[in-house]
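Morning, everyone. Let me put the model up, and then I'll walk through a few spots in it.

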Amino acid sequence: MRSRKFLKAEQAALVWDAPGLVAGVDEAGRGPLAGPVVAAAVILDDKRPIRGLADSKTLTPLQRERLNDQILAKALCCSVAQASVEEIDTHNILQATMLAMRRAVEGLRLKPAKVLVDGNRLPTLDVLAEAIVKGDARIKAISAASILAKVHRDRLCEQLHVEFPLYGFAGHKGYGTPEHLEALLRHGACVHHRRSFSPVAAALARTLGPAAVPDEAALQMPGLIATVETVHLELRPES
């Protein structure tokens, strides 16, 4: 009779080695003071490899743009989704990130058998999933997702810059750089700033008084949750 330990090991192999499509998932924009958090999910095509895939943070903007185009052209399917500033302020940045990741996976045209997520946390999914620390540097599908998410969010920040040029979003992409903090000090927060983040809350308190800063109870109000659009990318093989 097989030992209990052996049976457990055999079961684990059967579950975690499930055959089928594998999707990589990553996010961009957890740390910035403004804008949504963006997540992407990618199922690569083994027959159409993409050279140069790596953690998006190690690539130049030009490299990311070129790889972004290749991923969209060669992957079996991709999905980019986001969670809004309102959802970040309502649920906190971690939960909003998990929400964006779930939306990205659910937006895939093809359903994966397994999902590999960068980091040490998993969103709630209806498919097998595994969290991989530094997965964006180790797993090509996660690297591809990190590139799509980063490029998409950078483009959103460029749009924010056109709308609110005083803050310099095109340069710092919403991060708390000295330039950004100085703009907050001078102009206060705009509608795209995350009010639950302390530098933004401090700017609101200075410009509008403490009453303008939402308290913890207010941030839990269901009415603050906004509808967020998911971007579905339908990809067709080249003829």
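Start with E182. It is partly exposed, at a relative accessible area of 35%; that class lies between buried, under 20%, and exposed, over 50%, with a 1.4 Å probe and protein chains only. E182 forms a salt bridge with R186, and the closest N and O atoms are 2.9 Å apart. Salt bridge here means a side-chain nitrogen of Lys or Arg within 4 Å of a carboxyl oxygen of Asp or Glu. Both residues lie in helix α8, four residues apart, about one turn of the helix. Helices are DSSP runs of H or I, at least four residues, numbered from the N terminus. R186 counts as exposed, at 63% relative accessibility.

Before going on, the ground rules. This is a predicted model, where local features need pLDDT of at least 70 and side-chain atom pairs count only at pLDDT 80 or more, while totals for chains, interfaces and linings use all residues. Residues are numbered from 1 along each chain as its sequence is written, and side-chain values use heavy atoms, leaving out hydrogens and water.

Back to charges. The count comes to ten salt bridges. One of them pairs R102 with E106, closest N and O atoms 3.7 Å apart. These two are four residues apart in helix α4, so about one helical turn separates them. R102 is partly exposed at 31%; E106 is exposed at 54%.

E65 forms a salt bridge with R155, closest N and O atoms 2.7 Å apart. E65 sits in helix α2 and R155 in helix α6, 90 residues apart. Both are partly exposed: E65 at 29%, R155 at 37%.

How do the axes of α2 and α6 cross? They come within 9 Å, at roughly 115 degrees. The axes are lines fitted to C-alpha atoms over the stretch in contact, and angles run from 0 to 180 degrees between N-to-C directions. Residues in the contact (heavy atoms within 4.5 Å) include L67 and I71 of α2, and I147 and V151 of α6.

Last, backbone. Which loop holds N92? The one between α3 (85–91) and α4 (93–106). N92 has a positive phi of about 90 degrees, although it is not a glycine. N92 is partly exposed, at 40%. K173 also has a positive phi, near 55 degrees. K173 is in the loop between α7 (169–172) and α8 (178–187). K173 counts as buried, at 15%.
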